[in-house]
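Reader: I would like to understand this structure step by step. May we begin once it is displayed?

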Amino acid sequence: MMQHAIPFLMMRGGTSRGLYFARADLPAEPARLARVLIAALGAGHPYNIDGLGGGVAVTTKVAMLSRSTDPEADIDYFFAQVSVNEERVDFKPTCGNILSGVGPAAIEMGMIAATEPVTRVRIRAVNTGALVDAVIQTPGGRVVYDGDLAIDGVPRRGAPIRLGFRETVGAATGQLLPTGQARDRIDGVEVTCLDVAMPVVIAQAEAFGLTGAETAAELDADTAFIARREAIRVKAGALMGMGDVSASVTPKFALMARARQGGTASARYFMPQTCHPGMAVTGAQCLAASLLVPGSVTADLAPGLTSPADLVLEHPSGRIEVTVEFTPSGGEAPPELHTAGILRTARLLARGEVLVPASALS
């Protein structure tokens with residue numbers, strides 16, 4: 001069988017891991033691109049045994065980079081979520097954890113020249129149009145991955161990568177509140193449908209008879225909850241103007257509850273079929289923003305917030321902090337959101353060529 005070699009980097013970005021490609025090295029046509037990524041990751045098998053995936057959704061991600069033509073950005077970041085068990089690729093969402101590695105990857109690929117002591121990279125998330133400012137540690141003109149920053153969900157400390165997200169409101173639907181209101185009632189459950197960096201359907205954990213402190217494994221084993229949650233997510237997707245979302249990973253779903261470990265709130269985030277072992281960066285921004293929206297299902301968890309608000313979300317692996325700058329609108333109107341800042345780490349794990357069957361390119 002003839003095979004085709006494609007240069008790649010494998011990186012951990014935040015609490016995810018994926019393959020980073022130069023967009024020019026991959027097919028332009030979406031169907032062919034999907035076939036190549038399925039082959040590269042080994043999608044369609046629970047262990048991804050015939051590819052470089054890791055058997056879980058946080059390790060079957062792809063970042064495709066190119067120099068941007070947008071005057072507001074240096075690098076275009078096109079994301080793909082490759083399925084684990086199905087031969088399927090979703091190009092709709094973006095991933096903030098994988099985005100953590102985009103700046104370092106762009107420097108490693110020679111798309112951006114490093115400066116000393118830090119390199120600032122302006123990134124455009126192609127999938128959503130969001131703009132992100134990344135600050136990477138580059139003393140001596142080289143990316144440094146070792147450092148003292150610990151992020152929950154990663155066993156080793158690393159150099160801080162500062163991400164500042166701009167223009168994230170309405171990333172997928174064009175509206176902060178895609179249904180036009182802060183609360184909707186679906187199948188007897190009050191939810192808030194919010195679109196900030198990632199469209200998410202948010203509910204209180206107690207609405208499902210849960211505490212919000214359950215482990216990811218406990219939630220993934222609760223088949224009754226899974227079925228009820230998915231039915232609500234699909235109906236919410238239609239109300240948000242996203243059409244039939246039964247085969248899409250967006251909108252995501254999240255449970256929120258009162259904090260138990262000194263944070264602002266407790267959160268469980270679904271991808272959407274399984275619980276995230278930690279927390280998605282884009283999801284964290286949306287859940288943090290929900291705390292600011294009057295009338296939302298989470299508004300009572302953190303009343304009286306002022307800008308900038310340092311919000312700590314407790315998740316199955318620990319905590320994630322989001323700093324949100326906003327202008328309150330007063331009354332029941334939602335606030336005007338400006339930026340969301342998060343600190344992440346990344347590490348280059350491997351570089352080389354991934355081999356895919358030539359038939360995937362035909």
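**Salt bridges and strands**

Author: Asp-187 counts as partly exposed, at 37% relative accessibility; buried means under 20% relative accessible area, exposed over 50%, and partly exposed in between (1.4 Å probe, protein chains only). This is a predicted model, in which local features need pLDDT of at least 70, side-chain atom pairs count only at pLDDT 80 or more, and totals for chains, interfaces and linings use all residues. Residues are numbered from 1 along each chain as its sequence is written, and side-chain values use heavy atoms, with hydrogens and water left out.

Reader: Which residue forms a salt bridge with Asp-187?

Author: Lys-235 does, with the closest N and O atoms 2.7 Å apart; a salt bridge is a side-chain nitrogen of Lys or Arg within 4 Å of a carboxyl oxygen of Asp or Glu. The pair links distant parts of the chain, 48 residues apart: Asp-187 is in the loop between strand S9 (184-186) and S10, and Lys-235 is in helix H5 (residues 223-239). Helices (H or I, at least four residues) and strands (E, at least two) are DSSP runs, numbered from the N terminus.

Reader: How many salt bridges are there by this rule?

Author: The count comes to eight. One of them joins Arg-124 and Asp-76 at 3.0 Å, N to O.

Reader: Turning to strands, why is S11 largely enclosed?

Author: Six of the seven residues of strand S11 (residues 198-204) are buried, so the rest of the structure largely encloses it.

Reader: How do S10 and S11 run?

Author: They run antiparallel, joined by six bridges; two strands pair if DSSP finds at least two bridges between them. Leu-194 has Val-200 in S11 as its bridge partner.
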